[in-house]
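Subject: Structure for you to look at

Dear colleague,

I am handing over the structure we spoke about, and below it you will find my notes on what was found. Please read them with the structure open beside you.

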Amino acid sequence: MSSDQQLTDSARRRLDEQYQTISSYTDRLFAILLTLQWIGAILMALYVAPFTWIGATRSLHPHIYLAIFGGGTLVSLPLLLVLTRPGRLETRMVVSISQMLFSSLLIHLSGGRIETHFHIFGSLAFLSAYRDCRVLVPATLIVAVDHFVRGVWWPQSVFGVATASEWRWLEHAAWVVFEDIFLFLMIRQSNTEMRQLAIQTGQLEDAAREAENANRAKSQFLANMSHEIRTPLSGILGFTEILLTDENGDPKEREEHLRIVSSSGQHLLALINDILDLSKIEAGQVMIEHVRCSPASLIEEVASALRVHAKNKNIDFEVHWCSAIPEVIDTDAHRLKQVLTNLIGNGIKFTDNGRVTLNVGYATRHDQGELQLQVADTGVGIASDKLEQIFKPFVQEDETVTRRFGGTGLGLAISHGIVKALGGTLTVNSIVGTGSCFEIRLPVGDASKIRLVDAATDAKSIDRLEQSAKSVDFHGLRFLVVDDGATNRKLASLLLRRAGAEVATAENGSIACEMIDDKQFDAVLLDMQMPVMDGYAAAASMRANGYARPIVALTAHAMKGDQDKCKRAGCSEYLAKPIDREKLFATLRELTETASLLSGGDETSRFPQSDSDTESENPPSTAYRSSLPADDPEIRDILVEFVDTLSDKLD
Ligand code: ADP
């Protein structure tokens, strides 16, 4: 990169200021120098050319008049300019001309003494203090012309001899040019150093500014985080305390308290997921897992989860199918849902009146299909100078946003990172007071291979998962729940028993492996982090010992790569904690149905490589819905127990 490109506007401004200071300072020095020279010229005239006597008349030598009036003329214009226009190009050009004419005057006054010619070289050196090569041009021309003219017509005045070679002026001019070359190189060197210094200072200032901004953002983030964590936590602790002390309270009130505890817990969970996600995105490690999925189903799933939020706020939320869309696309469905949830969630959050609309369309660009998703709202809008920044982490439009709407400023940074990782773009348009429109453009591959469907009809057939979960019946099935946490064990057992299953439990992998040997289980629910023997070792051991039925991994490690790790260990499916009842049931139902279809076949090879196209990626961050019926006394007990140990777990 050239130094000009590196010179930022502020560095250029600083450099200009520096040149201005140097020029003004040198102007002042020359003003003093010229004045001193004037006095010097008068003294020289008096000393070298004293009175002359003509008869009885005593008169001053004309040199004295020349020194006084000629020198005065040479000084007055530059002095005027130095006082009125310091630092300007014209001022230093006039100074340069005057200074060199002064050399000529002094040479003349000294009768062309060769020593006085040194004044020329000194003057050129002084002029280089301007660090502007241009001032050397008139200076050099004046010396050359003056020496030529006087050398021809009045050689005594310049060379101190009555006759001089007609080329002598050229020799003098050549010496001046010789000095000019060195001065030119020095000035260039000095200018390069000044420029580099300006660039470095600019870079240092930028770094300092960035550090300051980062520091401010960090403080703002800590303040937001503290607020975001404390609010649900105080809800959880406060209501738990009430529930514990007021055992015989009104059941309706207790239920309400439990609901608050549950939603506060969900909020904290979402926050932790956001932080984990952001750290992955910032480290450039966001893992994208492409699976075939129906965009219509995916969109409807997100929409149905968020409709309730819009309803609570009394605003409309609609999905507009603007065109036919691809029947299936290859994308990371979990991540895309996460982005849509954030954008629609923001739309609802920042809109008090009106509506939020999700416009879904499809277009072809250069033979490539592109899914277009627009989230438009009629909310508060975003100021134009903030539009770029809101995609940066921890940035909110201003600090009043936290006070009014809550949030941490992480969602859009995460969404932006995800859409980029998916190969698409996320942009925003907004008008304060009118609303905002966020648009995702997602390339979906070769347009000729894409089958388009009328999405409006297609979307009606979605939520197969939820429907199947609702009609689940596990009568006649035996499950083994393996978890070191008593609360999780209890909860999973209760949910499965309610669905008609027979359930056994184990506290760690080692016990589970022993139990597997003795009894036939239709499926195992296996926590992956456990003391004694963890889930990975347990799954591997079970498979090694010939257990061929489904093993469902349950883990709090809500990271994408964990799914592969679990499957490599021998698990058939993967579900992230906390347990989502619908997903648990749907997964178990699908796996056990497949298992019974395959019974008698080679099940061992089937399950670890299970290629289920259900929602197996199990998005932890879409778990905004409470999947646990808190009105159920048994589940309520489990919730209370969970909440009891929550602060320890958080520690
Ligand atoms: P959070 O919502 O947690 O503050 P986000 O990263 O999702 O974090 O959003 C960052 C900021 O962008 C918000 O604080 C808000 O100022 C602004 N913003 C995002 N979406 C909207 C919207 N639909 N309308 C108005 N402002 C928005």
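Two strands are taken to pair if DSSP finds at least two bridges between them. With that in mind, and remembering that this is a predicted model, I begin with the sheet, where Arg478 has Glu502 of E13 as its bridge partner. Strand E12 (residues 478-482) is joined to E13 by 5 bridges, and the two run parallel. They belong to an open sheet of 5 strands, whose order is E13-E12-E14-E15-E16 and whose pairing is parallel. Strand E13 (502-506) and strand E16 (573-576) stand at the edges, and because each has a single partner strand, one side of each is left without a neighbour in the sheet. From one strand to the next, the twist averages 20°.

Two helices that pack on this sheet deserve a look. Helix H16 (residues 486-498) touches E12, E13 and strand E14 (523-527), and its direction makes about 170° with that of E13. H18 also packs on the sheet, where it touches E14 and strand E15 (551-555), with its direction at about 155° to that of E14. Helix H18 (residues 535-544) is mostly covered, since 7 of its 10 residues are buried; among them are Tyr536, Met542 and Arg543. At the start of H18, the backbone nitrogen of Tyr536 has a side-chain oxygen of Asp534 within 3.2 Å, while just after the helix Gly546 takes a positive phi of about 95°.

Turning to the nonpolar cores, the largest has 53 residues, and those with the most contacts inside it are Leu340, Ile344, Leu358, Leu373, Phe438 and Ile440. Leaving out residues up to four places away in sequence, Leu340 touches Leu298, Ile299, Val302, Leu306, Gly345, Leu358, Leu373 and Ile440. There is also a second, separate core of 25 residues, which includes Ile516, Val524, Leu526 and Ala569.

One loop residue may interest you as well. Where is Thr351 placed? The residue sits in the loop between helix H11 (333-349) and strand E7 (355-365), and Thr351 counts as buried because its relative accessible area is 0%, against a cut-off of under 20%. The side chain of Thr351 reaches the backbone oxygen of Gly347 at 2.6 Å, and a polar atom of that side chain lies 3.5 Å from the backbone nitrogen of Gly379. Apart from neighbours within four places in sequence, Thr351 is in contact with Lys313, Ile315, Val356, Asp377, Thr378 and Gly379.

Finally, the aromatic pairs, of which the count comes to 8. Tyr65 and Phe69 form a stacked pair, at 6.5 Å centre to centre and with 10° between the planes. These two residues, Tyr65 and Phe69, are 4 residues apart in helix H3 (residues 62-84) and are therefore separated by about one helical turn. Tyr65 is partly exposed, with a relative accessible area of 43%, whereas Phe69, at 55%, is exposed. Trp175 and Phe178 make an edge-to-face pair, because their ring centres are 5.8 Å apart and their planes stand at 85°. Trp175 and Phe178 are 3 residues apart in helix H8 (residues 168-245), so about one helical turn separates them. Phe178 counts as partly exposed, at 46% relative accessibility, and ring pairs link Trp175, Phe178 and Phe182 into a cluster.

With best wishes

Technical notes. Residues numbered from 1 in each chain as written. Predicted model: local features only at pLDDT ≥ 70, side-chain atom pairs only at ≥ 80, totals over all residues. Heavy atoms only, no water. Core = buried A, V, L, I, M, F, W, Y, C linked by side-chain atoms within 4.5 Å. Buried < 20%, exposed > 50% of the residue type's maximum accessible area, 1.4 Å probe, protein only. Contact = heavy atoms within 4.5 Å. Polar contact = N/O pair within 3.5 Å; in protein donor to acceptor, adjacent residues only side chain to side chain. Axes fitted to C-alpha atoms, helices over the stretch in contact; angles between N-to-C directions. Phe/Tyr/Trp six-rings, centres within 6.5 Å; stacked < 30°, edge-to-face > 60°.
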